[in-house]
Amino acid sequence: MKTDIEARAVMLGEYIVKHKATVRAAAKYFAVSKSTVHKDVTERLKELDKNLYKKVNSVLKQNKEERHIRGGIATREKYMKLKEKLIFEKNLS
């Protein structure tokens, strides 16, 4: 069982580095919780592969710095879609 967890931690780390993925994206891809991904790449990976851990940590740091931008973009898209829907419904009436 332990080796499966270790292998998962390495696979998660490699995925995050290769795709510059967020914790949420990695969790969704591997069908595990965000907490599991975070624990694997911040705690377990540190003991297993320090070089990969440093690369993952760099990606996570960059994602953290950019998250407010992603949130703003998502909010903007949400309201743009809402506006389009309202315009479409108004034209149908």
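This is a predicted model: local features need pLDDT of at least 70, side-chain atom pairs count only at pLDDT 80 or more; totals for chains, interfaces and linings use all residues.
**A friendly note on the helices, core and salt bridges**

1. Lys39 forms a salt bridge with Glu43, and their closest N and O atoms lie 3.5 Å apart. Glu43 is partly exposed as well, with a relative accessible area of 46%. Both residues sit in helix α3, and because they are four residues apart, about one helical turn separates them. An α-helix has 3.6 residues a turn, so residues three or four places apart point the same way.

2. How many salt bridges does a search of the whole structure find? There are three. Another of them pairs Arg44 with Asp40, with the closest N and O atoms 2.4 Å apart. This pair too is four residues apart in helix α3, so about one helical turn lies between Arg44 and Asp40. Arg44 is partly exposed, at 29% relative accessible area.

3. Asp40 also has a partner in another helix. Arg8 forms a salt bridge with Asp40, the closest N and O atoms being 2.6 Å apart. This links distant parts of the chain, since Arg8 belongs to helix α1 and Asp40 to helix α3, 32 residues apart. Is Asp40 buried or exposed? Asp40 is buried, with a relative accessible area of 0%, while Arg8 is partly exposed at 25%. Through shared partners, the salt bridges join Arg8, Asp40 and Arg44 into one network.

4. Now for the nonpolar core. The largest one has 15 residues, and Ile16, Ala26, Val37, Val41, Leu45 and Val56 have the most contacts inside it. Helices α1 (2-19), α2 (23-30), α3 (34-48) and α4 (50-92) each give two or more residues to this core, with the largest share, five residues, coming from α4. Leaving aside neighbours within four places in sequence, Val56 is in contact with Gly13, Ile16, Val17, Val41 and Leu45.

5. Just after α2, Ala31 takes a positive phi of about 55°.

6. Tyr79 is found in helix α4 and is partly exposed, with a relative accessible area of 48%.

How values were computed:
Residues are numbered from 1 along each chain as its sequence is written. Side-chain values use heavy atoms; hydrogens and water are left out. A nonpolar core is a set of buried Ala, Val, Leu, Ile, Met, Phe, Trp, Tyr and Cys residues joined through side-chain atoms within 4.5 Å. Buried means under 20% relative accessible area, exposed over 50%, partly exposed in between (1.4 Å probe, protein chains only). Contact means heavy atoms within 4.5 Å. A salt bridge is a side-chain nitrogen of Lys or Arg within 4 Å of a carboxyl oxygen of Asp or Glu.
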